[in-house]
Amino acid sequence: MMRQAMIFAAGLGTRLRPLTDTMPKALVEVGGKPLLAHVLQRIRQAGFERAVVNVHHFPQQIIDYLDSHPLDHLQVSVSDESDQLLETGGGIRKAFPLFSPDSNILIHNVDILSNVDLAGFYEQAQADEATLLVSERSTSRYLLFDEEMRLVGWTNIQTGEVRSPYPDLNPRDYRAYAFSGIHVISPRLVATMDTWPSRFGIIDFYLAVCGKCRIRGIVKPDLRLLDVGKIDSLHEAGEFLKTLQLPQVEQISPSTPIPLPLGEAR
């Protein structure tokens, strides 16, 4: 089985302006290296053999960087979205021909730094159509899971909006967790995206199909994660990297026994 991954690097990075007025978010430096370099190195260290990076904003800069910074034992390809930014779901579907159809695909946002054991998470995700890494983290938007950690819906606790294929779903009856931006998807699930529009979000897709496909959440109780999405987070990210401990072997809990009430501090 080939370990393969996709890195979402096509975004406009509007929250990192003015830096992203002249470069893609993926090449913004943290700790002396571009965000893209950190993710690629983590993927290679986890034993992944193939990676696909999607590009849209200043795409040639990313292509030139990849050409000039090859990594041993990691084949890196580019999925070009220069003509149209396809969002996360559309981006996966466009990149799909660049992957082996026989292995699951790890999906990783380029602006996420974490202490996740990517190899361990990837191995735990083999049985499902999709597996989402989640945690108990304070946010306004939560994914909802049943007692077996199967995805059943989504809610925004500030607006009260609920989205689910199950009618009259009450969010308080389910486990609520924050999404990490790291997940694994099966090629057989990607193959069902044909009827979707050219642009769509992957969470929209998961919510639409979770009633008939096995989409599971895995909780990492001790998750340390930083979304490097704003200018003021860049210094914090540098300090975060200095203290980040990345274990060689790590056990990820499949669930936690007691869900926290929606709206409670996490």
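Author: Happy to! A residue is called buried under 20% relative accessible area, exposed over 50% and partly exposed in between, using a 1.4 Å probe and protein chains only. The model is a predicted one, where local features need pLDDT of at least 70 and side-chain atom pairs 80 or more, while totals for chains, interfaces and linings use all residues. Residues are numbered from 1 along each chain as its sequence is written, and side-chain values use heavy atoms, without hydrogens or water.

(A pocket is an open set of points on a 1 Å grid over the protein atoms alone, where a 1.4 Å probe fits, with protein on both sides within 12 Å along at least five of seven lines; lining residues have an atom within 4 Å of a point.) Two or more lining residues come from each of α3 (87-95), β9 (141-145), β12 (175-185), α6 (202-209), β14 (225-227) and α7 (233-243). Strand β12 gives the largest share, 6 residues. By class, the lining has 17 nonpolar, 13 polar and 14 charged residues; Ala, Val, Leu, Ile, Met, Phe, Trp, Tyr, Cys and Pro count as nonpolar, Asp, Glu, Lys and Arg as charged, and the others, including Gly, as polar.

Now for the surroundings. The chain holds 7 helices and 14 strands, which are DSSP runs numbered from the N terminus (helices H or I, at least four residues; strands E, at least two). Of its 266 residues, 52% count as buried. The C-alpha atoms fill a box of roughly 50 × 40 × 35 Å along the principal axes.

Gly31 sits in the loop between β2 (29-30) and β3 (33-34), and counts as exposed because its relative accessibility is 63%. Its C-alpha lies 8.3 Å from that of Lys242, although 211 residues separate the two in sequence.

Leu35, in helix α1 (residues 35-45), has a relative accessible area of 0%, so it is buried. Beyond its neighbours within four places in sequence, Leu35 is in contact with Lys25, Ala26, Val28, Val30, Val110, Asp111 and Val228, contact being heavy atoms within 4.5 Å.
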